[in-house]
Amino acid sequence: RIPQRRRGLILHWRRATSTEKATPVRLTERPASMLCPMATFPVSRYEQLFAQHRTAAIPDLWPWQQEILAGLEAAMGDVAIDLPTGTGKTLIGLLAGEDFRLANGGPVAYVAGNKQLAQQVERHGRQQGIPVVRFQGPKDSWTRASVLSYNFGEAIGVMNYWNYFNASPGVDPAGLLILDDVHLLEQPLRDMYTVAIGRADPLYEEVLKRIVARCAYYTLAGDLLNGVAPPSPPEMLVFPDSAELASDVRDLLDGRLIEGSGAWWAWQQIRSRLEVCCWLVSHRAVTFTPYIPPSQTFPHFATPTRRLYMSATIGTVDDLRRRLGAPTLEKLSATVQPRQGDRLVLFSDAVEAARAEDTIESLRPLLTSARKALWLCARRDTAAAYVDALQSSGLPGAVRLLEADNGADEVFAAASDGHLVAAGRYDGMDFRDDACRVEVLPEIPIATSDLEEWTTAY
């Protein structure tokens, strides 16, 4: 890495190649080849299945896919698959799902982080000749034929996390549960067990009054009760205090939460365990949530005979299990390192975010030369400001805003110039070859929940 300073920006250039050293791993996070210690990997049943679905677009498996599939066949129980973006995790997941479907005849759920990624999985499955049905939107819009096709194991069910993890999923629990971009699962899974009372709700002040009356030393709670909103991280009550307050607050929420609402349903899950939940106070909400989500009490997570967790950023096994409340699992990574390309990533190192116009002007020579850039913003208002500034900048190409599943990323990837602006978390984007070589992060990423902000702050 060669850092250079230019007008308040730090530029990092990192070249990743197939000769780069692999990161050492613990035995609980062993490479797939440690399960199959051979110079060449034996042909797994997944490779035999792939031979039946070979296409002109994907005529062969990459070496790291072969290694992971061999490890997956040898491993027992749940498995986490750690491979970089764009190295074929989707095909691995589809082959695993099709193998289970053919062998067991039970339902297979392939769950992705958002609608856009679910659409990509569906398209990939159809291209490989693997039967898939996709569920999207309200359940009453799903066809009975599609639901039965999934429930009876006739096709792999593809959906996003919110379709599968909710009070009434609308489909049977999977026999095999495939979780793609699994680092995105924590929030929708945690939402099922989180009651957040927003500041605009009269209940917010009622809860603060009870906290301050018994525990006046929580200064943030006192400030918020008095109409002061200091710029500080959330405050968490210590467990003896929340245990002392639990009976009073439980009665309050029992009488005031609206039956049938999202908060009411989550309240039914944590009501009897309120004493051991985390109580967080912030300028946004008062939040009650378990530190580790009790996901193994949710049938659609607990019923599957096997779970596959796939991501480019698995992290450690312990961290993954804590974030998801997951049971014991193996982590597979590849010793055959995927060959990766080059990308120039620019981070702002300013204490305060620069105006969009100023950032664009400072980067004009680079943007003119590169002709294409991806702008990853933390906030929607920042993204909107950059869209306006780029459109009036005179730089070549169209400016596109990525929203929900509008497909702007695919149009951008196919264009010869232009800019793609995204706000929030858009994981799983893969720009091949020269589709995008420049990425700009104009502001620091932000936490998306009070617990996440408290954890990162302390």
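**View 1. Helices α2 and α3 pack at an angle of about 35°.** The axes of α2 (residues 63-74) and α3 are 11 Å apart. Axes are lines fitted to C-alpha atoms, for helices over the stretch in contact, and angles run from 0 to 180 degrees between N-to-C directions. Q65, I68, L69 and L72 of α2 meet L91, I92, L95 and A96 of α3, where contact means heavy atoms within 4.5 Å. The crossing of α2 and α3 is right-handed; a crossing is left-handed if the near helix is turned anticlockwise from the far one by less than a right angle, and right-handed if clockwise. Helices (H or I, at least four residues) and strands (E, at least two) are DSSP runs, numbered from the N terminus.

The model is predicted: local features need pLDDT of at least 70, side-chain atom pairs count only at pLDDT 80 or more, and totals for chains, interfaces and linings use all residues. Residues are numbered from 1 along each chain as its sequence is written, and side-chain values use heavy atoms, with hydrogens and water left out.

**View 2. Seven strands form an open sheet with parallel pairing.** The strand order is β5-β6-β4-β7-β12-β3-β13. At the edges are β5 (132-134) and β13 (329-333), each of which pairs on one side only. Two strands pair if DSSP finds at least two bridges between them. Neighbouring strands of this sheet are turned by 20° against each other on average, direction ignored.

**View 3. Helices α3 and α5 lie on the sheet around β4.** Strand β4 (residues 108-112) pairs with β7 (residues 176-179) in the parallel sense over four bridges, and Y110 stands opposite I178 in β7. Helix α3 (residues 89-104) lies across β3 (78-82), β4, β5, β6 (156-160), β7 and β12 (306-311), and runs at about 160° to β4. Helix α5 (residues 144-151) touches β4, β5 and β6, and its direction makes about 130° with that of β5.

**View 4. Helices α8 and α10 pack at an angle of about 165°.** The two are therefore roughly antiparallel to each other; the cut-off for that term is an angle over 145 degrees. Their axes are 11 Å apart, and the crossing is right-handed. From α8, residues including P202, L203 and E206 take part, and from α10, residues including E244, L245 and D248.

**View 5. Helix α11 (residues 262-270) has the buried residues A266, W267 and I270.** Seen down the axis of α11, the buried residues fall within an arc of 110°, so they line one face of the helix. The arc is that of the directions from the helix axis to the C-beta atoms. Buried means under 20% relative accessible area (1.4 Å probe, protein chains only). Among the elements that cover these residues are α7 (186-191), β8 (195-198), α10 (239-256) and β11 (285-289).

**View 6. H300 sits in helix α12 (residues 299-302).** H300 is buried, with a relative accessible area of 9%. Leaving aside neighbours within four places in sequence, H300 is in contact with Y164, P169, V171, D172, P173 and L177.

**View 7. Strand β18 (residues 438-441) pairs with β14 and with β15.** V438 and V440 point one way from β18, E439 and L441 point the other way, and all are buried. Strand β14 (residues 342-348) pairs with β18 in the parallel sense over four bridges, with L344 opposite V438. Strand β15 (residues 372-377) runs parallel to β18 and is joined to β18 by two bridges; here W375 stands opposite V440.

How values were computed:
Buried means under 20% relative accessible area, exposed over 50%, partly exposed in between (1.4 Å probe, protein chains only). Angles under 35 degrees count as roughly parallel, over 145 as roughly antiparallel, 65 to 115 as roughly perpendicular and the rest as oblique.
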